[in-house]
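User: I am new to reading protein models and would like to learn how to go through one feature by feature. Could you guide me, starting with the strands and then moving inward?

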Amino acid sequence: MGPLAGIKVIDMTTVLMGPYATQTLGDYGADVIKVESPEGDVTRKIGPWRHPGMGPVTLNTNRSKRVICLDLKKPAGRETVLRMVKDADVLLYNIRPQAMARLNLGYDVISALNPRLVYAGVFGFGQNGPYAAKPAYDDLIQGGAALAHLMAVAGDGTPRYVPNALVDRIVGLTAVGAICASLVHRDRTGRGQRLDVPMFETMSAFIMGDHMGGLTYEPPLDRGGYARHLSQDRRPYKTADGHICVIVYNDKQWEAFFEASGRTDLRADDRFNSFARRAANIDVVYAELARIFQTRTTEEWTALLDRADIPVMPMHDLESLLHDPHLVATDFFPVVQHPTEGPIRSTRVSATWSETRAEPQHLAGRPNEHGEEILRELGFSTDEIAAMIRDGATTLSPAKE
């Protein structure tokens with residue numbers, strides 16, 4: 001029983017940002033019902049796969065949910081969502097609010113049915129500015145929130161996106177926190193509320209929290225940017241036989257590093273002998289570290305730095321990460337038996353609680369896998385379900401195809 005046991009979530013999201021948020025809520029114990037179109041979430045088309053529609057993005061972003069397929073443009077499809085909402089705690093959507101209004105599923109309609117509901121939207125932009133109705137994707141927001149620019153400054157001058165759906169996952173986690181806070185407010189007051197979590201504003205705050213720099217002040221003291229993060233030598237260090245990830249940060253760690261590396265001469269160098277001086281000369285400091293680390297092997301440096309209590313990690317690739325000794329010891333990537341896909345690798349919930357146990361409730365389902373089960377819970381009869389299938393408002397459950 002996870003910490004959110006007893007909370008019912010209607011998931012009307014697609015792709016990654018919303019589904020990642022609802023998977024997290026489901027892992028924490030909520031009963032999550034994912035509403036897909038009859039064609040299925042677009043991520044079902046991303047391979048590789050053993051069976052169509054069950055690729056890695058779907059499997060790794062849609063566990064801990066029950067799945068129903070509904071065409072919300074059909075009256076019966078919309079009526080089904082309205083029935084779900086009546087006793088739900090959260091509705092999460094990630095289409096633009098204007099589209100929810102066109103479906104006649106806007107906050108005014110939903111809150112009238114269930115005033116205790118947290119009506120949460122994750123979408124591109126706050127609704128009080130000129131971008132309100134614009135579409136948005138992870139790449140666009142990375143560029144718009146200056147992340148691609150920062151990659152150029154810290155790299156070879158070419159703007160790049162981070163090779164990860166960073167925005168989707170950060171905004172998804174922000175939504176989880178905001179939803180949980182809204183549930184606390186609801187439990188104190190008895191009132192739900194509308195909750196908007198815009199991607200652009202969330203990431204602008206996230207990035208500028210590090211890089212506002214002198215732009216914090218009016219008038220500005222500089223053009224912004226955190227020098228240590230933007231140093232071109234802030235990267236895994238090349239060793240004699242590979243690479244290693246090291247950060248020598250505070251004064252205590254530098255003292256230990258001077259001794260362990262045999263570079264006690266650097267104590268007399270004004271650019272190295274205090275935190276403030278190192279920060280002011282960060283490019284020189286990182287460049288010197290890069291030269292030092294090439295003098296020994298990765299294994300030698302790892303042993304030496306571990307003994308000196310200096311932060312060090314291996315530089316993994318995607319395959320070696322699965323075999324990291326710490327993650328193996330904690331069984332973080334368990335191989336589990338999926339009912340249709342066979343053995344698949346999953347991930348554990350990273351957070352732990354002393355009083356409640358959070359773990360995936362079940363693995364990702366096929367399109368409409370729980371459709372009939374959910375409809376019957378909502379009071380639909382066999383004849384009504386058959387009529388919905390004939391009308392195209394839903395589809396046959398996979399077991400009956």
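This is a predicted model: local features need pLDDT of at least 70, side-chain atom pairs count only at pLDDT 80 or more; totals for chains, interfaces and linings use all residues.

User: How many bridges join strand 8 to strand 9, and which residue is the bridge partner of Cys-245?

Analyst: Strand 8 and strand 9 are joined by three bridges and run antiparallel, and Cys-245 has Met-313 in strand 9 as its bridge partner. Elsewhere, strand 10 (residues 335-338) and strand 11 (residues 342-345) also run antiparallel, with four bridges between them. A hairpin of three residues leads from strand 10 to strand 11, and Val-336 has Ile-344 of strand 11 opposite.

User: Which residues touch the most other members of the largest nonpolar core?

Analyst: The largest nonpolar core has 35 residues, and Val-171, Ile-179 and Met-203 are the ones that touch the most other members. Helix 8 (166-189) is among the elements that give two or more residues to this core, and its seven residues are the largest share. Leaving aside neighbours within four places in sequence, Val-171 is in contact with residues including Met-17, Val-122, Val-197 and Met-203. A second, separate core of 28 residues includes Val-85, Leu-91, Ile-110 and Leu-117.

User: How should I read a pocket, and which residues lie nearest the centre of the second largest pocket?

Analyst: Rolling a probe the size of a water molecule over the atoms shows where empty space is left. The second largest pocket holds about 670 Å³ of space, and of the 24 residues that line this pocket, Ala-154, His-229, Ser-231, Arg-234 and Arg-235 lie nearest its centre. By class, this lining has 16 nonpolar, four polar and four charged residues. Helix 7, helix 9, helix 10 (227-230) and strand 8 each supply at least two of the lining residues.

User: Is His-211 buried or exposed?

Analyst: His-211, which belongs to helix 9, is buried because its relative accessible area is 10%, and the cut-off for buried is under 20%. Beyond its neighbours within four places in sequence, His-211 is in contact with Leu-150, Gly-224, Gly-225, Tyr-226, His-229 and Leu-230.

Key:
Residues are numbered from 1 along each chain as its sequence is written. Side-chain values use heavy atoms; hydrogens and water are left out. Two strands pair if DSSP finds at least two bridges between them. A nonpolar core is a set of buried Ala, Val, Leu, Ile, Met, Phe, Trp, Tyr and Cys residues joined through side-chain atoms within 4.5 Å. Buried means under 20% relative accessible area, exposed over 50%, partly exposed in between (1.4 Å probe, protein chains only). Contact means heavy atoms within 4.5 Å. On a 1 Å grid over the protein atoms alone, a cavity is a set of points where a 1.4 Å probe fits but cannot get out, and a pocket is an open set with protein on both sides within 12 Å along at least five of seven lines; lining residues have an atom within 4 Å of a point. Grid points are joined across faces, edges and corners, and a volume is the space filled by probe spheres set on the points. Ala, Val, Leu, Ile, Met, Phe, Trp, Tyr, Cys and Pro count as nonpolar, Asp, Glu, Lys and Arg as charged, and the others, Gly among them, as polar.
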